[in-house]
Amino acid sequence: MKLSQFKFKLPDELVALEPPCRSFDNADGTVDKIYRRDECRMMVIHRKSQTIDMFKKDENGQDTEEFIIFRDLVNYFDEGDTFIFNDTKVFPARLFGTKEKTDAQIEVFLLRELNPELRLWDVLVEPARKIRIGNKLFFDEDGPMVAEVIDNTTSRGRTLRFLYDCPHDEFKRELYALGSAPLPRYIIDRREVTPDDTENFQTIYAKNEGAVTAPASGLHFSREVLKRLEIRGANFAYITVHCSLGNFDMIEVEDLTKHKMSSEQMVIGTDACNIVNEAKQQGHRICAVGVSTARATETAVGTDGLLKEYNGWTNKFIFPPYEFGMANSLIANFYHPESTMLMTTAAFGGYDIVMEAYDLAVKNGYRFGCYGDALLLLDD
C-alpha cells in the first residue's frame, strides 16, 4: 500500500490533550479535575460483517442516542476470553538542562541507559545544532547533576555520561526526579506537562520500566474495568514491549515496503504463553491490547498459531495486507494520519472499514491520540 492512502484531515480540536475528566471550580479560582480514563468513547468494528457500532443498543437491538464508552468493553467478551496486556512502565524521560557558558536551555530526552556503571545514556537533544562532543549540560542549579556529551549518534542523538558519584539507585532516583512524563510532541506543543500526567500517562498495570511513551490503548483500563472482566471470567496475560519513539517517526517513503521501523525491546515469558495458548486452543477470543502488543505477538507467534517465548528486539512493521496469526480482536486508539499505528489497525480490521470508521470518528467528534478515544475490532 501507499503512504498517501492513510492521509486524512484531522482537525486540531479533535486531538485529546488530556484523558476524560470532570472539572470542579473552587472558590479561590483554581480548578480541580477528576480523571475517568474508562469514560472515553469506544467505537466497535465487526470485521467479518463489515459493520460499525457507535451507539448502545436498546432491548430490541436498535441504536439509542447514547455513545458506547470504554466501560462497556465487558459486554463484548465471555468467560475464557483472554486479554494480552503490555506491562511496560514509562519513566520520566524528558529533562531540561542548560549548556555550560551560554546557559542555553536544552531539552534532553532519555532513550535508554547504555551502561549503569559508567552512567551512560542514549538521548535525543533539542536544539541539536548547539550540542557537540565535550559540551557539559547542567540540570539543577543547586544540585550536582551534570552530564558530558561524549558521542554523536544521529542528527539529534547523543551519548551522555552523567557525572554523578553515588550508588546507582540514588542516581536513577535523582535523575528521574528532574524529569517529567514524556508526552508526545502533539500535546506538549499545546500545553505544559502537569503532575497529573505522571499518573495519567501510565497504565494501571505498568510493571517493567523501559518505555519512553505509553502503550496508549492500555491507558483506558481502570481497576473497575479489570475487575468486571475478571468477574466475567476473562483471563489476563502480560508481556513487555518497551514502546519507543519509533511509533512517531515520520514515514518518508510512499511505498510502505521501504519503510524501516525502529526496534523495540520485548519479552514474552512462559506464563503468558501458557495462558494465551490454552485459551486459543479452546477456541476463546484472544484480544491484543494495543498495536505494540499486536506487533510483539506477531513477532513471536509460531507457524502452529501458538505464542512462543521471546526475549529480544522487534522492528516488525505491519500494514495491509497482512494476515494475523495470533490475536483475533484488538483494542486500539484513534491515531494520527499516516502513522504506523493506523496502518497496523487497518491491517487488522481491513483497510476500507477502518478508514470508514476514521471518517465517522472525525464527523462525530471522537478524540484522537494517546489520551483519545478507543477502537475495538472484533472478529465477528
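Predicted model: local features only at pLDDT ≥ 70, side-chain atom pairs only at ≥ 80, totals over all residues.
Residues are numbered from 1 along each chain as its sequence is written, and side-chain values use heavy atoms, with hydrogens and water left out.

**Exercise 1.** Find how many salt bridges a search of the whole structure gives.

*Solution.* Start with the rule: a salt bridge is a side-chain nitrogen of Lys or Arg within 4 Å of a carboxyl oxygen of Asp or Glu. Run that over the whole structure and you get 26 salt bridges.

**Exercise 2.** Take the pair K56 and E66: work out which strands they sit in.

*Solution.* First check the contact: their side chains meet in a salt bridge at 3.0 Å, N to O. Strands here are DSSP runs of E, at least two residues, numbered from the N terminus.

**Exercise 3.** Decide whether D197 and R191 are buried or exposed.

*Solution.* Grab the cut-offs: buried is under 20% relative accessible area, exposed is over 50%, and partly exposed lies in between (1.4 Å probe, protein chains only). D197 and R191 form a salt bridge, with the closest N and O atoms 2.9 Å apart. Both D197 and R191 are buried.

**Exercise 4.** Do likewise for D189 and R185, which meet in a salt bridge.

*Solution.* The N to O distance is 3.5 Å. D189 has a relative accessible area of 53%, so D189 is exposed. R185, at 37% relative accessibility, counts as partly exposed.

Key
Helix = DSSP H or I, 4+ residues; strand = E, 2+ residues; numbered from the N terminus.
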